[in-house]
Structures are given as structure tokens and as C-alpha cells.
Amino acid sequence: MSQYALPIQLPAIYAEANFVISSCNEVAYKHIISWPAWQAFLLSGASGSGKTHLGHIWATRAHAECLDCKTQTLSPERITRNLWLDNAEACNAEALFHALNYTKEQNFLLLLTTALPAAQLPFTLPDLTSRLRALPTAHIDAPDDDVLSAVLRKQFADRQIKISEEIIAYLLTHMERSFSAVVHTVETLDKHMLENKRGLTIPFIKQVLS
């Protein structure tokens, strides 16, 4: 009998020691830890690229308030100290423009993390778009093998799943080479392991991914 997979998400580990620096994210990491050299900064990258991890690193260092614009509303009373806006592309345009102005007036630091670079963000408010395009920015590039391997290990570790180097090597050659694909693949394997009460082996991975 199959076991029903409960929708429980174990907390991700966002400690700075767990962040893997490689050629695709080194520039972004150096900018993040260079505060307070900047007052406001925009970090972009695809889903699963590590920008949220970098946001947590910065928020810890800067003692910043964290707000996810996909699930939380940005309002003036939320801005009481350094601020990190994750998924900033989902923010109300006027609220975001106010946040840029108010944090500057109050000498607070502001970090924006987005899926898209500033020039591609969906805002139409002219004053906001010009301000965003004037910000210092960094983009996390497509991952190399070292980073993909590290993200795979982290995703499995967050779910308390032990894996071998053989499995890592197999996945790297049999899955889409993107951060979002890593997250989706690990979630899928975890779900099927729970449902079928199976350990993680290459034959099982072949069966699931096929």
C-alpha cells in the first residue's frame, strides 16, 4: 500500500556557511557583503538561484526586517529599520517607490531581490522604473557543475535525505541544468520516496524521472 505524502516542508538552511560561492554567484555575494557601501541594492536571479539565501545572509548581518512581497503587504509602518524585500517584482508600485524614498530619507539600507533584472521588471510608474534602473545591481548567472552539485546536496540535506556522489553525478547528467529544476527534482524524488517507502537509488531515480 502506498503511503500518502504529507505536505510538510522542512526549513531550509540559510546560514552563510552553507552558501557555495562559484563563478556564477561570486559577484553577487561580494556585493551583498559589501554593505553599507550601498544604500539600496537590487539582486536578481532565477527561482532557486540562491538570491533568497543571499538575502538571509544580508538580513542577518544588517539586522534587517524581511518581507516577502508575494505573501505580505508593504506598508509605511513596516519600514522601521533596514529592510529586505524578497520577490520585489510582486510589490505594489507606489508602495515600493515610497519604500525607496523613505529608506533613503531615514538612512536605512534596502535590499530588493527579484526574478528579473531592473530593466525587465513589470512596473510602469515612470519615477519608480527610473529609480530601479539607477540602483547598483547584480545578477546570479546560470549555474556550473560545482554550484548545481552543492544545491542538490543542500536540497537533500534540508529534507534529511542522505545521498552518494554517484547519485549526484547521475542527476547532473539526467536533469535540466537550472536551479529551479534542482528544486523540482528533489521535491519529486522526496514525494515518491515517501509514497513508496523507498530509499534513494539510481534505479529508483530512473523510474521516477522517466
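Predicted model: local features only at pLDDT ≥ 70, side-chain atom pairs only at ≥ 80, totals over all residues.
The cut-off for a disulfide here is a sulfur pair within 2.5 Å. The structure as a whole holds zero disulfides. On accessibility, Cys 69 counts as buried because its relative accessibility is 8%. Cys 91 also has a relative accessible area of 8%, so Cys 91 is buried. For both, the limit that matters is 20%.

Now the layout. The chain contains eight helices and five strands. In sequence order they run α-β-α-β-β-α-β-α-β-α-α-α-α. The C-alpha trace extends about 60 × 35 × 30 Å along its principal axes. The chain has 210 residues, of which 45% count as buried. As for contact range, take the contacts between residues at least 6 apart in sequence: 67% of these join residues at least 24 apart.Next, helix 6, residues 165-174. Which of its residues are buried? They are Ile 167, Ile 168, Tyr 170, Leu 171 and Leu 172. The elements covering these buried residues include helix 5, at 145-158, helix 7, at 179-196, and helix 8.

Helix 5 comes first. Its axis and that of helix 6 come within 10 Å, crossing at roughly 120 degrees. That angle makes helix 5 oblique to helix 6. The crossing is right-handed. On the helix 5 side, the contact involves Asp 145, Leu 148, Ser 149, Leu 152, Arg 153 and Phe 156. On the helix 6 side, it involves Glu 165, Ile 168, Leu 171 and Leu 172. Sorted by class, the residues of this contact are six nonpolar, one polar and three charged.

Then helix 8, residues 202-209. The axes of helix 6 and helix 8 come within 10 Å, with a crossing angle of roughly 25 degrees. At that angle, helix 6 is roughly parallel to helix 8. This crossing, too, is right-handed. From helix 6, the residues in contact are Glu 166, Ile 167, Tyr 170, Leu 171 and His 174. From helix 8, they are Ile 202, Ile 205, Lys 206 and Leu 209. By class, that gives six nonpolar, one polar and two charged residues.

Some backbone details now. Where is the cis peptide bond that joins Trp 35 to its partner? It lies between Trp 35 and Pro 36, and omega is about 0 degrees. Pro 36 sits in the loop between helix 1 and strand 1, the strand being residues 40-44.

For Asn 87, phi is near 55 degrees. Asn 87 belongs to the loop between strand 3, at 83-86, and helix 3, at 93-105. Is Asn 87 buried or exposed? Its relative accessibility is 13%, so Asn 87 counts as buried.

For Gln 160, phi is near 60 degrees. Gln 160 lies in the loop between helix 5 and helix 6, the pair whose axes cross at roughly 120 degrees. Gln 160 is exposed, because its relative accessible area is 69%.

Ser 22 is placed in the segment before helix 1, which covers 26-32. With 12% relative accessibility, Ser 22 counts as buried. What does Ser 22 touch, leaving out residues up to four places away in sequence? The residues are Asp 144, Asp 146 and Val 147.

Conventions. Residues numbered from 1 in each chain as written. Heavy atoms only, no water. Axes fitted to C-alpha atoms, helices over the stretch in contact; angles between N-to-C directions. Helix = DSSP H or I, 4+ residues; strand = E, 2+ residues; numbered from the N terminus. Parallel < 35°, antiparallel > 145°, perpendicular 65-115°, else oblique. Left-handed = near helix turned anticlockwise from the far one by under 90°. Contact = heavy atoms within 4.5 Å. Nonpolar A, V, L, I, M, F, W, Y, C, P; charged D, E, K, R; others polar. Buried < 20%, exposed > 50% of the residue type's maximum accessible area, 1.4 Å probe, protein only.
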